[in-house]
Amino acid sequence: MALHRLFHLSSLLRSAVSVTLRRNIGLSAVLFNKARDLDPVQKLFLDKIREYNTKSKTAGGVVEAGPVYQKNLTEEMTKLQRLYGGGDLTKFPQFKFPEPKLEEVTTK
């Protein structure tokens with residue numbers, strides 16, 4: 001009986017240790033990958049995104065947009081203003097929903 005309990009206890013302990021080790025190995029692999037440098041393709045991609053971000057901040061809009069782009073943009077904005085009644089198309093519209101006036105209904 002004692003030997004059976006010992007085997008049962010050792011199997012429970014073994015399963016608990018294996019689960020703990022799997023979790024720790026999985027967590028350490030994630031942390032190790034974060035600490036390591038990215039692979040070259042990811043690094044190049046992130047560098048290009050950061051470069052574009054700094055260029056767009058200095059340009060104040062689209063990067064390397066020529067006069068043709070600006071002309072097309074103004075034409076499209078005038079078309080949209082004509083179609084949708086003007087206003088500032090670069091801002092999100094403000095919606096106002098007034099409370100409806102309800103009349104009291106009496107039943108006879």
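Helix α3 holds both E76 and K79, which sit 3 residues apart, about one turn of the helix. In this predicted model, the side chains of E76 and K79 meet in a salt bridge with an N to O distance of 3.3 Å. Both partners are partly exposed, E76 at 41% relative accessibility and K79 at 40%.

After α3 comes G85, with a positive phi near 85 degrees. Y69 also belongs to α3 and is partly exposed at 36%. Together with Y52, V62 and L73, Y69 makes a nonpolar surface patch of about 360 Å².

Turning to helix α2, R50 and D47 form a salt bridge at 3.9 Å, N to O, and are separated by about one helical turn. R50 is exposed at 52%, while D47 is partly exposed at 35%. A network of salt bridges links K48, E51, K55 and E64, and the total count of salt bridges is 7.

S56 is placed in α2, residues 40-59. With a relative accessible area of 17%, S56 falls under the 20% cut-off and is therefore buried. The side chain of S56 reaches the backbone oxygen of N53 at 3.0 Å, and beyond its neighbours within four places in sequence, S56 is in contact with G61 and V63.

Notes: Residues are numbered from 1 along each chain as its sequence is written. This is a predicted model: local features need pLDDT of at least 70, side-chain atom pairs count only at pLDDT 80 or more; totals for chains, interfaces and linings use all residues. Side-chain values use heavy atoms; hydrogens and water are left out. Helices (H or I, at least four residues) and strands (E, at least two) are DSSP runs, numbered from the N terminus. Buried means under 20% relative accessible area, exposed over 50%, partly exposed in between (1.4 Å probe, protein chains only). A polar contact is a pair of N or O atoms within 3.5 Å; within protein, one must be able to donate a hydrogen and the other to accept it, and residues adjacent in sequence count only if both atoms are side-chain atoms. Contact means heavy atoms within 4.5 Å. Patches are made of residues with over 30% relative accessible area and no salt bridge: like charges are joined within 9 Å, nonpolar side chains (Val, Leu, Ile, Met, Phe, Trp, Tyr) within 5 Å. Accessible areas come from the Shrake-Rupley method with a 1.4 Å probe; for residues, only the protein chains shown count as cover. A salt bridge is a side-chain nitrogen of Lys or Arg within 4 Å of a carboxyl oxygen of Asp or Glu.
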